[in-house]
Amino acid sequence: EAAVDLLAGLTAQPDDDVPPYDAAVLEREAALLTDWWIPAAGGDLSPDLRAEYLALMADVTSGVEADRSALVLRDYHAENLLWLPDREGLARVGLLDYQDALLGHPAYDLVSLLEDARRDVPPALATAMIERFLSARPDLDGEEFRAGYDALGAQRNAKIVGIFARLCRRDGKPHY
């Protein structure tokens, strides 16, 4: 709850000096799946199939790519959060690894927190936390937010498998 409350507060205060999480960034990240994971898994992807995948991903993310309403930290998960019980309110949660922040859709970091592959969040808890977030952000349309949440979840997972394949193949870090 504290992590969701902090996130709701952070997303409501965008900073115009932060670069945009735009269509080009979303596409570059989605391409990590085709450029790194598919070859690592032994697949052979034609240029036409790669272009078709990127067009489909652009279609999926078309509802979120123009949104610059929120500060998006991009690595908002348990390992980058510090519990500071001696503090009060939003200051009870400390943040690590936010140097790659962009301005984008307010659902991205909530997806990162609730859909993290390293831990199982029961569906009922995830639903409750989405509702908590939306309650703290009454300016957001719940249906549009949930659609963005789903689209960014798909894009983010494509990005993650590509990043970890790249870490292994290019950077020699197979432990990932």
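This is a predicted model: local features need pLDDT of at least 70, side-chain atom pairs count only at pLDDT 80 or more; totals for chains, interfaces and linings use all residues.
The largest pocket holds about 610 Å³ of space. Its lining is made up of 24 residues, and those closest to the centre are Arg74, Asp75, Lys159, Ile160 and Ile163. Two helices, H2 (23-40) and H6 (142-169), each contribute at least two residues to this lining. The greatest contribution to the lining of the largest pocket is that of H6, with 7 residues. Sorted by class, the lining of the largest pocket consists of 12 charged, 10 nonpolar and 2 polar residues.

The second largest pocket contains about 190 Å³ of space. Among the residues that line the second largest pocket are Glu1, Ala3, Val4, Leu113, Leu114 and Met129. Helix H1 (2-11), helix H4 (108-114) and helix H5 (123-136) each provide at least two lining residues here. In this second lining, 9 residues are nonpolar, 2 are charged and none is polar.

| Pocket | Space | Lining by class |
|---|---|---|
| Largest pocket | About 610 Å³ | 10 nonpolar, 2 polar, 12 charged residues |
| Second largest pocket | About 190 Å³ | 9 nonpolar, no polar, 2 charged residues |

## Nonpolar cores

Which residues touch the most other members of the largest nonpolar core? This core has 35 residues, and the ones in question are Tyr76, Leu110, Leu114, Phe133, Phe145 and Tyr149. At least two residues of this core come from each of H1, H2, strand E1 (70-72), strand E4 (102-104), H4, H5 and H6. H1 supplies the largest share of this core, 6 residues.

Leu114 deserves a separate description. Leaving aside residues up to four places away in sequence, Leu114 touches Val121, Ala126, Met129, Ile130 and Tyr149. Leu114 also belongs to the lining of the second largest pocket, as do Val121 and Met129.

A second, separate core has 8 residues, including Ala31, Ile38, Met57 and Ala158.

## Aromatic pairs

The model contains 2 aromatic pairs. In one of them, Tyr21 and Tyr108 are tilted, with 5.3 Å from centre to centre and 55 degrees between the planes. Tyr21 lies in the loop between H1 and H2, whereas Tyr108 lies in helix H4, so that the pair links parts of the chain that are 87 residues apart. Are these two tyrosines buried or exposed? Tyr21 has a relative accessible area of 4% and is therefore buried. Tyr108, with a relative accessible area of 1%, is buried as well.

Phe133 and Phe145 form a stacked pair, with 5.1 Å from centre to centre and 25 degrees between the planes. This pair also links distant parts of the chain, with Phe133 in helix H5 and Phe145 in helix H6, 12 residues apart. Phe133 is buried because its relative accessible area is 0%, and Phe145 is buried because its relative accessible area is 3%. Both phenylalanines are among the residues that touch the most other members of the largest nonpolar core.

Glu115 is located in the loop between H4 and H5. From C-alpha to C-alpha, Glu115 and Leu45 are 28 Å apart in space, and 70 residues separate them in sequence.

Note on methods
Residues are numbered from 1 along each chain as its sequence is written. Side-chain values use heavy atoms; hydrogens and water are left out. On a 1 Å grid over the protein atoms alone, a cavity is a set of points where a 1.4 Å probe fits but cannot get out, and a pocket is an open set with protein on both sides within 12 Å along at least five of seven lines; lining residues have an atom within 4 Å of a point. Grid points are joined across faces, edges and corners, and a volume is the space filled by probe spheres set on the points. Helices (H or I, at least four residues) and strands (E, at least two) are DSSP runs, numbered from the N terminus. Ala, Val, Leu, Ile, Met, Phe, Trp, Tyr, Cys and Pro count as nonpolar, Asp, Glu, Lys and Arg as charged, and the others, Gly among them, as polar. A nonpolar core is a set of buried Ala, Val, Leu, Ile, Met, Phe, Trp, Tyr and Cys residues joined through side-chain atoms within 4.5 Å. Buried means under 20% relative accessible area, exposed over 50%, partly exposed in between (1.4 Å probe, protein chains only). Contact means heavy atoms within 4.5 Å. Rings of Phe, Tyr and Trp (its six-membered ring) pair if their centres lie within 6.5 Å; planes under 30 degrees apart count as stacked, over 60 as edge-to-face and the rest as tilted.
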